[in-house]
Amino acid sequence: LLEKYLESNKDDLAAQKTLRQIRMAMASDLLAIVENEGAMALWKDLTRLTPNRFALYKSMASLLRQKKKWLELLDVLEIMSSQDPDDTSVQEQLARLYLDRHDLTRARRFYDLLALKGYSSKDFYQGRATLNLLEDKPEAALKDFESLLDLLPKQCQARTECIKLAASLG
């Protein structure tokens, strides 16, 4: 009901805050389902509970991140990405999480998707440069560190990496 009310009263800040609190409470209660049965089972069941499953999953992702439940977070983010393929924030989180888990194939998939969209951020270039180094692609890593320097000229670590890579490449 509150979601329907907000459709016609978008400026009601108190109602927006209440809805966010309700979603976080629901997300917290529903985490057990995600942990035991998987995120997709919950996604299907939520159709009956809320018209905005995506917002509830966003809250759930936040809670899973706080609890450091990385596998469950990956499941939730994968579903979010499949439901909104244009959400670069979710794709960047997936790329980083897969990179942290050394799942280079999946990390590459998301970094490539972001690159195709012309996406750029500090975390994107740092992550993709790290991935390129792990895949033994120093030239590509150098380009990412250079792009990072274009974005943040005072980034000392990126500058150091550029110098090291350029020296090793000759």
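Touching here is contact, meaning heavy atoms within 4.5 Å. Where is Lys-137? It sits in the loop between H8 and H9. Lys-137 is partly exposed, at a relative accessible area of 37%. The cut-offs are these: buried is under 20% relative accessible area, exposed is over 50%, and partly exposed is in between, with a 1.4 Å probe and protein chains only.

A word on the model. It is predicted, so local features need pLDDT of at least 70 and side-chain atom pairs count only at pLDDT 80 or more, while totals for chains, interfaces and linings use all residues. Residues are numbered from 1 along each chain as its sequence is written, and side-chain values use heavy atoms, with hydrogens and water left out.

Now the whole chain. It has ten helices and zero strands. Both are DSSP runs, numbered from the N terminus: helices are H or I with at least four residues, strands are E with at least two. Of the 170 residues, 39% count as buried. Take the contacts with a separation of 6 or more: 44% of them come from residues 24 or more positions apart.

Next, helix packing. The axes of H8 and helix H9 (residues 138–151) come within 8 Å and cross at roughly 165 degrees. That makes H8 roughly antiparallel to H9. Axes are lines fitted to C-alpha atoms, for helices over the stretch in contact, and angles run from 0 to 180 degrees between N-to-C directions. Under 35 degrees counts as roughly parallel, over 145 as roughly antiparallel, 65 to 115 as roughly perpendicular, and the rest as oblique. H8 and H9 have a left-handed crossing. Left-handed means the near helix is turned anticlockwise from the far one by less than a right angle; clockwise is right-handed. Residues making the contact include Tyr-125 and Asn-132 of H8 and Phe-145 and Leu-148 of H9.

Another pair of helices: the axes of helix H6 (residues 88–100) and H7 come within 8 Å and cross at roughly 155 degrees. H6 and H7 are therefore roughly antiparallel. H6 passes H7 in a left-handed crossing. Among the residues in contact are Leu-94 and Tyr-98 of H6, with Phe-110 and Tyr-111 of H7.

On to the rings. How many aromatic pairs does the structure hold? Four. Rings of Phe, Tyr and Trp (its six-membered ring) pair if their centres lie within 6.5 Å; planes under 30 degrees apart count as stacked, over 60 as edge-to-face, and the rest as tilted. Tyr-111 and Phe-124 form a tilted pair, 5.9 Å centre to centre, with 50 degrees between the planes. That pair links distant parts of the chain: Tyr-111 is in helix H7 (residues 104–116) and Phe-124 in helix H8 (residues 122–134), 13 residues apart. Tyr-111 is buried, at 1% relative accessibility. Phe-124 is also buried, with a relative accessible area of 1%. Phe-124 and Tyr-125 have ring centres 5.1 Å apart and planes at 65 degrees, so this pair is edge-to-face. One aromatic cluster is formed by Tyr-111, Tyr-119, Phe-124 and Tyr-125.

Last, the cysteines. The structure holds zero disulfides, a disulfide being a pair of cysteine sulfur atoms within 2.5 Å. Is Cys-156 buried or exposed? Cys-156 is exposed, with a relative accessible area of 57%. Cys-162 is buried, at 11%.
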